[in-house]
Amino acid sequence: KGSSIAQFNLGCLYTRGQGVRKDHRQAVSWYIKAADQGHREAQICYAMALYRGEGTAKDFAHSAKLFVEAGQMGHPQAQYNVGVMFSRGEGLLTDREKAAFWWEKAAAQGHGNAQLELGQYYLCLAQETVERYHAARVAKLQHICASKEYFEKYVMIEKYELGFGSVYGPLKMNTRLFVRMLTEFMLLVPEAISRETLVDM
């Protein structure tokens with residue numbers, strides 16, 4: 001079988017063209033020999049060759065399989081690569097949550113790029129959450145502002161929840177107060193009601 005370390009080193013020399021002519025096919029053949037003996041770095045190099053199509057046919061599925069195996073053994077670069085492939089849908093079904101799962105593993109070991117990807121993932125997640133909340137709030141206010149009756153009921157309930165009077169007490173609003181409160185709503189959530197609608201009221 002030979003030494004897996006020597007086989008891996010030969011693969012690296014052929015990849016870089018150090019002391020020998022650069023030859024990706026030869027490099028891959030040595031990486032495979034070393035990987036078959038359990039050399040983790042050789043497995044990573046072979047998986048990367050499959051991913052790039054260097055010295056062998058491009059094969060995302062096989063590449064992902066090798067990266068997952070190495071990642072499960074705790075290799076941070078493999079874990080990062082699995083995350084990338086999940087995020088891009090390369091050899092694996094696109095799944096942002098699984099991508100983040102693998103990036104978290106790599107980031108916990110100090111992998112810089114994994115930390116950056118994970119930060120970007122959480123930033124996008126936060127933005128999407130805010131956008132969904134904002135859209136729901138706008139939809140609610142659009143419903144409230146649809147008529148003077150809805151708006152009066154809303155203000156009455158808000159008044160009760162804030163501790164001012166009874167929810168069953170009468171609430172009379174003149175048009176001037178109604179328009180003023182709608183104007184304040186427009187400043188908070190301009191999407192809720194248009195100025196044209198306000199004028200019509």
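Reply: Rings of Phe, Tyr and Trp (its six-membered ring) pair if their centres lie within 6.5 Å; planes under 30 degrees apart count as stacked, over 60 as edge-to-face and the rest as tilted. A search of the whole structure finds four aromatic pairs. One of them is F8 with Y31, a tilted pair at 6.1 Å centre to centre and 40° between the planes. F8 lies in helix α1 (residues 4-16) and Y31 in helix α2 (residues 24-36), so the pair ties together parts that are 23 residues apart in sequence. Helices here are DSSP runs (H or I, at least four residues), numbered from the N terminus.

This is a predicted model: local features need pLDDT of at least 70, side-chain atom pairs count only at pLDDT 80 or more, and totals for chains, interfaces and linings use all residues. Residues are numbered from 1 along each chain as its sequence is written, and side-chain values use heavy atoms, leaving out hydrogens and water.

Now for burial. Buried means under 20% relative accessible area, exposed over 50%, partly exposed in between (1.4 Å probe, protein chains only). F8 is buried at 14% relative accessibility. Y31 is buried too, at 5%.

Y121 and Y122 also form a pair, this one edge-to-face, with 5.2 Å between centres and 65° between planes. Y121 is buried at 11%, whereas Y122 is partly exposed at 39%.

Back to Y31. Contact means heavy atoms within 4.5 Å. Y31 is among the α2 residues that meet α3, along with V28, I32, A34 and A35. On the α3 side are A42, Q43, C45, Y46 and A49.

Definitions and conventions: Helices (H or I, at least four residues) and strands (E, at least two) are DSSP runs, numbered from the N terminus.
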